[in-house]
Amino acid sequence: MDLWNSFNPLFSVSGFFVGLLVGITGVGGGSLMTPLLVLFFGVHPVTAVGTDLLYAAITKTAGTAVHGRNKTVDWRVVGRLAAGSLPAAAVTLWLISGIDRKSVAAVGTITMALGYMLILTSILLLFRRRIIEKIGDIRRTKKSVDPATVGVLTIVLGLTIGVLVTLTSVGAGALGVTVLLALYPSLAVREIVGSDIVHAVPLTFVAGIGYWVIGEVDWLMLATLLVGSIPGIVIGSHISPRLSERFVSVMLAITLALVGSKLVFT
């Protein structure tokens, strides 16, 4: 992508609205930014994913500081997730570095994976509460899961997230939080969310740096996105308490489902 296209001021405008939605809903920017870059700006999917991973690492750092100060992070959960996700990210990057990333097959695979992850995210946004309630009912009728098994399952979850996030930049939030709520019913929701956000920072940073090493990060585009998104996140966080969370989540879920379907079926 040439310098003029990278400096497109519409990136900042888009970044503002994505940041606004992130601040209001808490849904990760990857669910919104990557498909926006691919569909509306024609950015190559691999470059969009790599740039967005560093975008996520930077924007989530503020959230990490807040949750750490409020003591809403379970570092045991973060460590288990990272034990699976960081090696998975490294292996996924190694595999990506060895293929022709401009080939039709590579573009098609990443685009398809991104589309399916967006559809999955939309489903989890719509039905997360019902899913968690159902899992809670099942767990209350059965004996407690062995702590060692929970630890292994958390590492496996981290491994899964590591692959998905490195490949598509989507998956850490909706999928991670939903499964963690099922694995750790004794933890408060804010601790689950805080732990998930803190874990996402090293994962997206490592994956983003990996994409930079293989030449798939557009730094000027990243800076232009951040110029708009950081004010958007701040404003969204302030107006979030005044809006209906359910209404915003439903609208966002419908949008993600439509975008995901477009990526998968066109």
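A salt bridge is a side-chain nitrogen of Lys or Arg within 4 Å of a carboxyl oxygen of Asp or Glu. The legends below concern a predicted model, in which local features need pLDDT of at least 70, side-chain atom pairs count only at pLDDT 80 or more, and totals for chains, interfaces and linings use all residues. Residues are numbered from 1 along each chain as its sequence is written, and side-chain values use heavy atoms, with hydrogens and water left out.

**View 1. Salt bridge between R101 and E216.** The side chains of R101 and E216 form a salt bridge with an N to O distance of 2.9 Å. This pair links distant parts of the chain, 115 residues apart: R101 belongs to the loop between α5 and α6 (104–140), and E216 to the loop between α9 (189–213) and α10 (219–239). Helices (H or I, at least four residues) and strands (E, at least two) are DSSP runs, numbered from the N terminus. Both R101 and E216 are buried; buried means under 20% relative accessible area, exposed over 50%, and partly exposed in between (1.4 Å probe, protein chains only).

**View 2. Salt bridge between R76 and D74.** The structure holds two salt bridges. In the one formed by R76 with D74, the closest N and O atoms are 3.2 Å apart. D74 counts as buried because its relative accessibility is 12%, whereas R76, with a relative accessible area of 44%, is partly exposed.

**View 3. Crossing of helices α5 and α7.** The axes of α5 (residues 75–97) and α7 (residues 147–168) come within 6 Å and cross at roughly 35 degrees. Axes are lines fitted to C-alpha atoms, for helices over the stretch in contact, and angles run from 0 to 180 degrees between N-to-C directions. The crossing of α5 with α7 is right-handed; a crossing is left-handed if the near helix is turned anticlockwise from the far one by less than a right angle, and right-handed if clockwise. Residues of α5 including V77, L81 and I96 meet residues of α7, among them V150, I155 and L167; contact means heavy atoms within 4.5 Å. The residues of this contact divide into 13 nonpolar, eight polar and one charged. Here Ala, Val, Leu, Ile, Met, Phe, Trp, Tyr, Cys and Pro count as nonpolar, Asp, Glu, Lys and Arg as charged, and the others, Gly among them, as polar.

**View 4. Aromatic pairs.** The structure holds three aromatic pairs. The ring centres of F16 and F17 lie 5.5 Å apart and their planes stand at 80 degrees, so this pair is edge-to-face. Rings of Phe, Tyr and Trp (its six-membered ring) pair if their centres lie within 6.5 Å; planes under 30 degrees apart count as stacked, over 60 as edge-to-face and the rest as tilted. F16 is partly exposed at a relative accessible area of 26%, and F17 is partly exposed at 48%. The rings of W212 and W219 are also edge-to-face, because their planes are at 90 degrees, with centres 5.7 Å apart. W212 is partly exposed, with a relative accessible area of 46%, as is W219, with 42%.

View 5. With a relative accessibility of 13%, S14 counts as buried. Leaving aside residues up to four places away in sequence, S14 touches L36 and F41. As context for this view, the protein has eleven helices and zero strands, and buried residues make up 49% of its 266 residues.
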